[in-house]
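User: I would like a close look at one part of this model, followed by an account of how the rest is arranged.

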Amino acid sequence: MAGPSAAVSSLAFAAHALEPGLDTFPKLVWRNAERWPRRIAIREKDLGIWQSYTWTDYLAEARLIALGLAALGFRRGDKTAIVGDNRPQLYWAMLATQALGGIPVPLYQDSIEKEMLYIIDHAEARFAVVEDQEQVDKLRRVRAECPGLQSIVYDDPRGMRHYADPCLTSLHDLRELGAQFGRAHPGYFDEEVAKGVAGDTAVICYTSGTTGQPKGTMLTHGNVILTARNAVQREGLRETDEVMAYLPMAWVGDHIFSYAQSVVAGFATSCPESAPTVLADMKEIGPTAFFAPPRIWENILTSVMIRIDDSARLKRRMVHRFLDIARRVERGRLAHQAVPLGDRVLHQLGRILVYGPLRDNLGLGRIRVAYTAGEAIGPELFEFYRSLGINVKQLYGMTESSALICIQRDGDVKLDTVGTPLPGVELRISESGEVLFRSPGVFQGYYKNPDATRETLEDGWVRTGDAGVLGRDGHLRIIDRAKDVGRLADGTLFAPKFLENKLKFSPYVKEAVCIGSGRPCVAALINIDLAAVGNWAERRNIAYTSYTDLAQKSEVYELIRGEVARVNRSLTEDEQLRRAQIRKFLLLHKELDPDDQEITRTRKVRRGFIAQKYATLIDALYSDRDHVAIDAQVTYEDGRTGTVRADVRIHEAEIFAIEGAP
Amino acid sequence: MSPSALLLEVHEVSVRFGAVQALTKVSLAVARGEIVAIIGPNGAGKTTLLNVISGFYHPTEGHLVFEGRDRTHLKPYAVAALGIARTFQNVALFKGMSVLDNIMTGRLLKMKGSFLLEALYWGPAMRQELAHRAAVERIIDFLEIEAIRKTPAGRLPYGLQKRVELARALAAEPTLLLLDEPMAGMNVEEKEDMCRFILGVNDEFGTTIALIEHDMSVVMDISAHVIALDYGRKIADGTPDEVRANQAVIDAYLGVAHA
């Protein structure tokens with residue numbers, strides 16, 4: 001445990017004290033079961049039907065699992081690895097672990113074995129609660145190298161009949177063990193829950209990290225509860241709200257939205273049937289609060305646009321016409337300008353004909369608050385949703401702050417900011433332009449990594465690693481990762497993520513990596529969006545066989561060239577960055593993939609790794625060649641590797657003159 | 001092997017279409033709970049054999065014994081009622097119907113009740129419908145096709161249509177499942193998924209499976225019992241290794257000079 005952080009945490013608690021008896025998650029769930037015994041706490045769609053569990057069930061299930069774990073020899077301070085899709089059983093296992101004074105360690109369910117081995121070994125997890133056979137198989141191989149992992153509990157018994165490994169227990173059997181243990185030790189669960197205090201570590205979230213090995217961020221019950229409570233109060237979330245739990249449980253965002261805020265405010269969380277059914281399930285639940293990173297907002301928009309383009313001409317024209325009106329009205333509203341009467345009338349008409357039905361169709365009909373974070377969101381995307389009447393707001397946070405630092409207030413939403421600090425959060429910009437914060441949510445430290453803790457945490461202030469500006473309006477603006485802001489060879493300022501985000505605002509661009517630090521000009525590696533470009537190509541009768549083939553079509557190059565030109569043109573409006581226009585670009589022959597370590601599981605580009613892996617491509621971009629051959633290694637989901645060979649073309653981009661420049 | 005362990009026995013079955021001798025005195029035995037692969041070059045009589053087993057063709061000679069009883073001359077629906085379900089080489093789904101409805105048709109033989117009660121959706125009819133739907137949902141969950149439950153079958157990609165067809169066959173809760181080239185036209189990933197599901201069906205439901213497959217590596221992966229046909233005759237019968245080493249099989253696949 002990190003010394004200095006403990007001191008700061010206690011200081012922060014004095015300012016934002018927790019009520020006694022409500023200072024840990026198990027105690028809060030206990031309160032919920034007393035206050036709202038019949039209110040739905042969590043749902044799961046199973047066999048096509050929503051199965052609901054009340055707060056009474058939530059507590060009872062967690063109790064059985066906890067007693068079962070105790071029967072297997074769980075001791076205070078032990079860690080439980082949690083692996084799987086969002087399932088009530090896994091949330092209960094998390095609560096059960098906390099009830100016994102243990103620490104849940106949620107892992108990304110699509111991690112490959114090597115990644116799991118590192119985390120389980122590093123966290124010294126003795127127990128694991130996992131969803132199904134797929135995860136059991138991975139963990140059994142992990143266990144072969146990491147014998148500290150004593151027990152693996154699985155939920156779904158399918159395919160598990162022939163496993164005779166004594167380290168395996170089904171959740172069904174674990175609950176039986178728990179019931180027996182409970183009869184032999186009445187009062188055990190209650191006593192263990194009572195022993196917990198706010199300063200205990202509540203969870204260790206391993207951050208994917210764009211560089212190096214993942215780090216285990218330790219958050220206390222106090223950290224998470226206070227942060228969740230402050231946000232719940234600011235955003236007016238109540239026990240009647242509804243959220244969807246569909247983002248990875250290992251990500252701190254899901255931990256806050258689907259677990260912490262649900263427990264603190266008492267609202268219901270719904271777990272979708274499977275990843276591909278999320279949108280359909282959302283339509284059935286009608287969440288009132290919704291969080292999605294920009295790429296999900298983008299996916300929803302892309303799927304809508306594809307369907308609109310495939311519809312009858314009259315419908316298509318009506319939708320586009322009214323969306324234009326909505327956008328105009330919303331733009332005026334965001335700029336606090338009066339909306340002309342004509343537009344107001346049309347907007348009302350559009351609400352009946354287009355916006356309402358579209359919102360309902362997306363399952364966003366009941367949304368009161370929706371959030372986006374993680375990456376910058378495209379202006380068109382942001383305007384699109386807001387103009388439909390969906391209250392999308394930006395927020396800012398990181399694992400080290402228990403997820404939340406800033407949120408835009410209702411009615412004070414701006415396109416280029418991440419909002420104002422939450423109650424209890426102090427912000428500061430360092431001399432080098434880096435954003436620093438201090439809050440009740442500041443983490444305890446990185447597990448078994450005091451060096452990294454010291455680098456990030458100083459006198460209670462956390463260095464975010466983001467370059468930002470604090471405006472007079474109290475809003476924080478993020479420019480780029482502090483370490484990524486660089487200069488071209490001639491000293492021109494260059495912010496790669498700023499450019500990449502502009503590129504990614506195009507529906508045809510899925511991912512982009514801009515290079516330029518210490519180089520004569522800016523060049524871009526671009527990933528096309530297979531769904532959008534594929535559809536575009538089909539409508540133009542362009543035949544293609546695979547992603548690699550499609551990406552190298554000259555028509556596709558022309559399409560993307562137009563998108564790059566758009567970015568360059570918009571860049572001329574930015575005084576600081578307008579000289580760093582994109583000169584050359586190429587379309588990558590494969591999608592950047594977390595399995596190949598090119599992007600993190602939360603889809604952040606790992607620059608260093610890409611610079612190394614695609615050195616041939618990057619060198620070619622800065623030579624006179626117009627094409628380059630490349631062999632690239634790909635890792636399949638089961639960890640095997642293969643090679644993709646391609647001939648990649650290089651194109652020059654259109655450059656726009658800067659007014660007033662020589 | 002004791003006779004009770006045998007699910008299906010085919011005795012000296014021959015099928016003739018006019019002058020074409022599609023099968024000549026083929027005998028084989030399928031044990032309860034196993035996965036049998038039927039291999040052979042094009043036109044070897046594999047699909048004909050499957051059609052004979054499913055009652056679609058009737059043998060010109062020989063007889064079939066299923067679960068200890070002779071069933072040589074039964075009609076396809078009567079065969080289905082005995083617990084034999086199949087999928088087709090060319091997908092045969094109701095294209096305009098949703099995936100869910102397609103799979104529900106697989107329960108047809110299990111549905112009883114009067115037309116009137118069904119129409120009113122009342123009492124036993126409703127309880128029956130709910131029970132059938134629950135059974136179908138378990139299969140949907142098993143084959144991981146939740147996301148396409150409401151999609152019209154005709155709009156699905158080929159690999160998924162094959163999976164839906166498997167689901168419909170499973171909905172009949174068959175004792176013997178016949179799969180005619182379940183992996184034809186699939187890419188490697190789809191094939192691996194299909195293998196996983198076939199093994200899963202066998203393991204989870206204890207269903208005996210007879211399948212036709214061309215890809216030898218797939219056959220080796222999922223089946224312990226391989227039967228090879230060529231020109232309507234059985235040329236090999238044994239473990240995958242035995243069959244692969246069999247000279248007649250090698251000749252059939254690689255071709256020999258016909259003297």
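Predicted model: local features only at pLDDT ≥ 70, side-chain atom pairs only at ≥ 80, totals over all residues.

Analyst: Cys146(A) sits in a loop of chain A, between helix H6 (133-145) and strand S6 (151-154). Cys146(A) counts as partly exposed because 17 other C-beta atoms lie within 10 Å, whereas a buried residue needs 20 or more.

Elsewhere in the model there is a nonpolar core of 185 residues, the largest one, in which Ala128(A), Ala524(A) and Ile526(A) touch the most other members. Helix H3 (residues 55-71) of chain A gives this core its largest share, 10 residues. Leaving aside neighbours within four places in sequence, Ile526(A) has contacts with Leu503(A), Val509(A), Ala512(A), Ile560(A), Phe585(A), Leu587(A) and Leu588(A).

The average pLDDT of chain A is 89, and 96% of its residues score at least 70. Among the elements of chain A, the highest mean, 98, belongs to helix H4 (residues 88-99), and the lowest, 38, to helix H1 (residues 3-15). The pLDDT is below 50 over residues 1-15 of chain A, a stretch that has 27 contacts in the model beyond near neighbours in sequence.

Chain B contains an open sheet of 4 strands, ordered S2-S1-S4-S5, with antiparallel pairing. Strand S2 (20-31) and strand S5 (69-70) of chain B are its edges, each pairing on one side only. Strand S4 (residues 61-66) of chain B runs antiparallel to S5(B) and is joined to it by 2 bridges. Opposite Val65(B) stands Asp70(B), in S5(B).

As for the meeting of the two chains, the contact takes 9 residues from chain A and 11 residues from chain B. On the chain B side, helix H5 (124-142) and helix H7 (188-205) each supply at least two residues. H5(B) has the largest share of that side, with 5 residues. By class, the side of chain B that touches chain A consists of 7 charged, 3 nonpolar and 1 polar residues.

Technical notes. Residues numbered from 1 in each chain as written. Chains lettered and ligands numbered in written order. Core = buried A, V, L, I, M, F, W, Y, C linked by C-beta atoms within 7 Å. Buried ≥ 20, exposed ≤ 12 C-beta atoms within 10 Å, placed from the backbone. Contact = placed C-beta atoms within 7 Å. pLDDT = per-residue confidence, 0-100. Pairing = 2+ DSSP bridges. Nonpolar A, V, L, I, M, F, W, Y, C, P; charged D, E, K, R; others polar.
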